[in-house]
Structure formats: structure tokens, C-alpha cells
Amino acid sequence: MHDLMTKNYSAWRSRLVLLIAALSFGLVACGGASSAPEKPTEPVEAKPDPDAWRDQSLSLTVEGYTFKGALKPAPAKCFGSAAWIAPNLAITNAHVALRGLKVTGKDDRGNSYEFTEILGIDEEADLAIIRAKDVSDRPALKMLDRPADPKDLRGTDVRVIGNTGGLELSFYKGRITNVVGKEGGAVLLHDANTAGGSSGGPLIENEGGKLVGVNHSSLPHLNAK
């Protein structure tokens, strides 16, 4: 009887040792209590793609008519710029969108688009939203959150994209030099180069690649745009 109890005890003890060993192995393998807890990884914000403007910006060709002399119409063409703000919507200047009966755009990759509707227009702010035909997947620019004090934007590094001289998209760098006007109607001044055809082109902040404003005009006497 004693020998049987001794054998059973030995067998039970052997199984207990194996069980403890198995549990210990499982804890180590799973990174359990035997190792220090890992610190949570801080999320890393993706840096903006420096070439994203090539897909997000547009050179515009605006075709319409002008009247010479009495009531004789003559074909007319002008150039402008725009930027995608939704998968099929672009923003430009009102004075660009209102000039033509036909508006076509081209991005820096050579993709062409036809704009068939003006969805919104504000002549005082010189802004227009236009819709592209048969398009639903364009990469839109995100908009910069409006700061509590717009003058805080002074010194912001920006890039300016424009259809300079109707030669398709050109890329310029500069800084926001001042913010003028009343709250709700503030106008940004910047020192990046622009020329005819840049109207309606995007003003993009370099750090986050977001839309800050839309080019409207040039002020040579102030060395500003």
C-alpha cells in the first residue's frame, strides 16, 4: 500500500512539474507577466506628399465670346487655375468661371476634365465652385482650419500653383506677408511669384499641404499678390 501511494505521489508530482513548466513557457512565449509591459507607440502623422499638387491643381482654359463694335460677337479664350476640393468639385475665381461658355481643365499629369456646372459663386469674394463632368475620384485638397486670429498666418511658408501665361501649371514658393481686411473678409498677401493665368490657383501651406487660400490678383505697387 505504501509503495502504491509513493508511486501515485511521484506520478502526480511529475505531472505538476510538467504543468508548471508548460504554463511558464506559455507566459514567456506570449510576453506575459515575466516581461515588462511595452510602452504604447506614439502615432506618427504622415507627412504630406510634396508632389500631391500635381494631381490636386488644375490649369483652366475658358472659351466664350466677346463683343467687338456694335453687337458682333467674336470667339474669345482666357486662362485660369483651380484646385480640387471634393472628388468632382473644384474651386477657382468667379471672374474666371463667369467668362466662358466652356471650361476645361488639365492636371499636371496630363489628365483632362470638362466642367459643366457652376454650383456656387460669390462675386464679392471672387470665388466659384465648379463641377466636373463624369468625374468622381479626384484627390481633393484639405482646407486649413481658420485660426482664431488670421494674422497668425503671417510668415507661413506657402507654395502657389498657377497656369502662368496659359503654359499649364507652374510652381512657386513664398510666404504669407500680411493679412488685411476685417474679420470674415480677411485677404492674405504673399510674395510668391504669379502672372496672368494664375487667377483661381491654390495657395498651399508647405508644412501640412493644406489649402490656405485662392489666388485673386496681383498688387505690384505693394510687391504682393
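**Notebook: aromatic ring pairs**

I looked up the aromatic contacts and noted that ring pairs join Trp84, Tyr113 and Phe115 into a cluster. I record that the model is predicted, that local features need pLDDT of at least 70, that side-chain atom pairs count only at pLDDT 80 or more, and that totals for chains, interfaces and linings use all residues. Residues are numbered from 1 along each chain as its sequence is written, and side-chain values use heavy atoms, with hydrogens and water left out.

I found three aromatic pairs in the structure. My criterion was that rings of Phe, Tyr and Trp (its six-membered ring) pair if their centres lie within 6.5 Å; planes under 30 degrees apart count as stacked, over 60 as edge-to-face and the rest as tilted.

**Entry: tryptophan 53 and phenylalanine 171**

I found this pair to be tilted, at 5.2 Å centre to centre with 50° between the planes. The pair links distant parts of the chain, 118 residues apart: tryptophan 53 lies in helix α2 (residues 53-56) and phenylalanine 171 in strand β8 (residues 170-180). Helices (H or I, at least four residues) and strands (E, at least two) are DSSP runs, numbered from the N terminus.

I noted that tryptophan 53 counts as buried because its relative accessibility is 10%, whereas phenylalanine 171, at 33%, counts as partly exposed. Buried means under 20% relative accessible area, exposed over 50%, partly exposed in between (1.4 Å probe, protein chains only).

**Entry: tryptophan 84 and phenylalanine 115**

I found this pair to be tilted as well, at 5.7 Å centre to centre and 35° between the planes. Tryptophan 84 in strand β2 (residues 72-86) and phenylalanine 115 in strand β5 (residues 112-122) are 31 residues apart, and the pair links distant parts of the chain. Tryptophan 84 is buried, at 0% relative accessible area, and phenylalanine 115 counts as buried at 7% relative accessibility.
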